[in-house]
Amino acid sequence: MTEDGSGSASKSVLWLDEIRSDDLGAVGGKGASLGEMTAAGLPVPPGFVVTAQTYRAFIEETGIDEELFEAVDVDSDDSAALAEAEAAAKELILDTEIPESVREEILEAYDNLDDGEAFVAVRSSATAEDLPDASFAGQQETFLNITREDLVDRIKHCWASLFTQRAIYYRNEQGFEHDLVDIAVVVQKMVAADKSGVMFTSHPSTGEPQIIIEAAWGLGEAVVSGSVSPDNYVVDRSDGEILDTTIADKKVKMVKDEETGETVEKDVEDHKRKAQVLDDTEIGSLVELGERAEDHYDEPQDIEWAIVDGEVFMLQSRPITTISEDSDAGETAENDGEVLVQGLGASPGVSSGPVRIVRKLDQLDKVGEGDIIVTEMTTPDMVPAMKRASGIITDEGGMTSHAAIVARELGAPAIVGAGNATDALEDGQTVTIDGDKGSVTEGDVEPDEETDAVEEVKPQSPVKPMTATEVKVNVSIPEAAERAAATGADGVGLLRMEHMILSTNKTPERYIEDHGEDAYIEEIVEGVRGVAEEFYPRPVRVRTLDAPTDEFRQLEGGDNEPHEHNPMLGYRGIRRSLDRPELFEHELEAFRRLFEMGYDNVEIMFPLVNDAEDVVRARNLMESAGVDPEVRSWGVMIETPAAALCIEDLAETGIDFASFGTNDLTQYTLAVDRNNENVAQRFDELHPAVLQLIGNTIETCREHDIATSICGQAGSKPEMVRFLVNEGVSSISANIDAVRDVQHEVKRKEQKLLLDSIR
Ligand code: PEP
Ligand code: MG
C-alpha cells in the first residue's frame, strides 16, 4: 500500500492522509476526525483505516451475511434471545477466515507503518450515516499495544462489536436494518511518549482566552486517568505570556513494558519527580498547536498530546463541553446597580436579561431566549421555559426546591426564596442575577477588565482526579444527562423519576386513563433509558416515584389528590407506592424491561422507607414484577430518623446500598420544613444530630458490607464531603456543577487520611 491517495473506494485500507471529507461512510466518525486533523496539517501519529467496505466484503465474500443477519433477527423484548444473538454473531465473525487478499493488504499496510515493528492501537469507528445516535452503531472497542500477530483478530473483534445486545436492541427498536450498518476500524501507531498530557485551548469553565496545559512524564493515561498530579501551565493567548506554572510532585508515570508491550505504572526517577516537565520551547509549540486546532475547528478544543524525542503529536481533539454558555461566569459579577432583591444563591453564575414575571402557566410563552423568569415557585411544566431563560428567580423555596435543582442541572443561575421578587421586580426591567451571592441588581452586567473579578473566578482543574470514594452526579431532568455525563462522574447517584411523570402534566392515574398502562410504562422506560445509555456502563441509580400530593394536585387529574395539612409528612414515596401497588407495579415493570434490553447498569432505589417492613414489602413487589433482587442492585434512601435508627434491621432485608437523602433527613430530624424560607436559616445538614445518624448508619452498613452514599444536596458541600470520607462512605453524589470540586475535595481528604495513617 502506498500513500498516493488514489482509487480509495476499492481499497481495503485508507491511510489517514488519504481521507477526504466525503469518505465518512468508508472510515466512520473516528477515522474521519483523524483524517481531518491530518489534512489540516496537525501532527497526528500515522495510521490507516480498514474501511467499512472491507467489513462488508468480508461478510459477503465469505457468505456469512445471511446467517449473520438471521441470527440477529430476534424479538428484542426477549433478553435470552438477545444474548444468544450476540454470541452467535460474535462466533460467526471470529471463526470465519478473512479472505487472503484482504489479510495481506492489511498486513502490508501495517508493515509500511513502521517496518513492521510498530505497536498499534485498534479502534472501531462507527459509520453512523443512517443512525441518529452513533453510540448504538457499534460498541466503542479499543485495543492498545497490538502487534502484527494479533492485528487481524482484533479488527474482527471490532467488527463483532456491531452486534452487542444493546446495538441489536436499538436497531430493532428504531427500525434500522442490521444489514445496512457498517463499521470501519482505525489502526494507528502508538507513540512511546516521553511526556504527555492534555491541553485546553480556552479556559474549560469560563471560556477565557487562556491555554491550560497539564503535563506529566510518560504516556498520557496517567494524566487522563488522574493517577498522577500533573504540572499545570497557564498561558495568556493574547501575548503568549506564561501566566502561571505549577510544578507537581509526579510520583508515577505510565510506560510501555518493553517485553510485553503492556502499559505499566513505574515510579518516576527521584531527580525528575519535582522537575518541570515542559520547557518554554515545548510550551510554545503546544500553544501554537492549540491555536491552530481551535482555528481549524472554530471552537475551543480539548486536546490530548504527546512528545517523543522533542516531536509533538496530537492524539485527539474534541470540543470542550464544560464551558458555561448560559452564564457569564468569566465576566465580572460586579455591576453598580442597586440591589433590588436578595434571596438564596441556588445555582451559580451571573447573567443579565429582561424580567418576565410568570404568575400563571399560560404566561410561559412570553419567556424568550435569555430572559429572566421571575415566579412564585417553578413547576415541572415550566422546564421548557426554564431552558430558554438565562436566569431564574423565585419568591419561595430553599436550596432543595424544584427551581434550585432544575436550574443547577440546566446550568442557569438561580435565586430562590427571594420573598417578594414577583412584586419588587417589573416585567421587562433589565436586571443582573448573581446565583452565587443571591442578589438581583438593576441593569446589565458590564464586563470590566479593571476589576479583580476575573481573579475571583475559581480555576477548575480540567483533569479528573482519581479517588477511592466514588463521585457520582444527581440527575432530575433526563435532558441534563449529557451535561451530567460530561462531568466524568462515576455514575448517577440519584435519578429522580418525578420529572418523567410530572412533565406529562398528568397524574399517573390520569395518564393511564388517557393513554393506557403500556404508554405509562414506556414513558418511564424512555426517561430512564436516555440517562442509562448516556452513562453506560457507569451505574445509574433510579429512584421510584416520590412526589408529594401538593405537586400532584397541580397536574391534570390532581383534583382527586387528598388534601393534607403537611404534604411533606404525608402520602409520598414508598408509602404511596405500597398503598397503590397496581401503579407501583408499572414502575417495576419499566425496570424489568430496561434490564431485558441490557441496561444492566440500572439500579433501583426506594424512597422514604421507615423500617424493614417497608423494605420487605417493596422487595416482594419487585420480585413479583420479575426483577430478581438477588441479581439486580437495589437499595433504599435513608431519609427519616427511623430508617437511620433501624439500619441494623434494614441491612437484613438484602439491600445492596443505602443512600442518605439529607434534604429530607435534615427536615425530619430538625423539624424544619425544607421549603419554608422562614426557617431556612435553621436548615442545617451539618447539625450534630444529623451527622450522628449518618455516622452510625455508615458504621453499621460497613459491618454488613452494604455500600453507602449521599444523594441529598449536602453531598455538594465540602464540609459534608470531608465528614463522609472520614466516616468511610462508599460514594458521594453531587450536583452537576459541583462534581469536579467534590472530586478534588474527596481526593484531598483521602490523601490526608493516608498521610495521617503513616505519620
Ligand atoms: C433527599 O431527600 O435528600 C433527596 C435527595 O430526595 P428529594 O430531594 O427528591 O426529596
Ligand atoms: Mg427526599
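Predicted model: local features only at pLDDT ≥ 70, side-chain atom pairs only at ≥ 80, totals over all residues.
I looked up P537 and placed it in the loop between α18 (517-535) and β24 (540-543). Helices (H or I, at least four residues) and strands (E, at least two) are DSSP runs, numbered from the N terminus.

Residues are numbered from 1 along each chain as its sequence is written, chains are lettered from A and ligands numbered from 1 in the order in which they are written, and side-chain values use heavy atoms, with hydrogens and water left out.

Next I turned to D298. D298 is not a glycine, yet its phi is positive, about 65 degrees. I found D298 in the loop between α10 (280-297) and β12 (301-308).

**Domains**

I read off four entries from the domain assignment, whose bounds are automatic or come from a database: domain 1 (13-189), domain 2 (195-319), domain 3 (339-454) and domain 4 (469-758). The C-alpha centres of domain 1 and domain 3 are 48 Å apart.

**Rings**

I counted seven aromatic pairs in the structure. Rings of Phe, Tyr and Trp (its six-membered ring) pair if their centres lie within 6.5 Å. One aromatic cluster consists of Y55, F58 and W159.

I also looked for charges over rings (NZ of Lys or CZ of Arg within 6 Å of the ring centre and within 35 degrees of the ring normal). R541 has its charged end over the ring of F657, 3.5 Å from the centre. R154 lies over the face of F143, 5.5 Å from the ring centre.

**Ligand 1**

Which residues are closest to ligand 1? I noted R496, R543, G661, N663 and R674, from a shell of 13 residues (a heavy atom within 4 Å). By class the shell has six charged residues (Asp, Glu, Lys, Arg), four polar and three nonpolar. β23 (492-496) and α25 (662-670) each supply at least two shell residues. α25 gives the most, with three.

I then listed polar contacts (N or O pairs within 3.5 Å). A polar side-chain atom of R543 is 2.8 Å from a ligand 1 oxygen. Backbone N or O atoms of T662 and of D664 each lie 3.0 Å from an oxygen atom of ligand 1. Taken alone, ligand 1 exposes 290 Å², and the protein buries 96% of that (Shrake-Rupley method, 1.4 Å probe).

Methods: Polar contact = N/O pair within 3.5 Å; in protein donor to acceptor, adjacent residues only side chain to side chain. Phe/Tyr/Trp six-rings, centres within 6.5 Å; stacked < 30°, edge-to-face > 60°.
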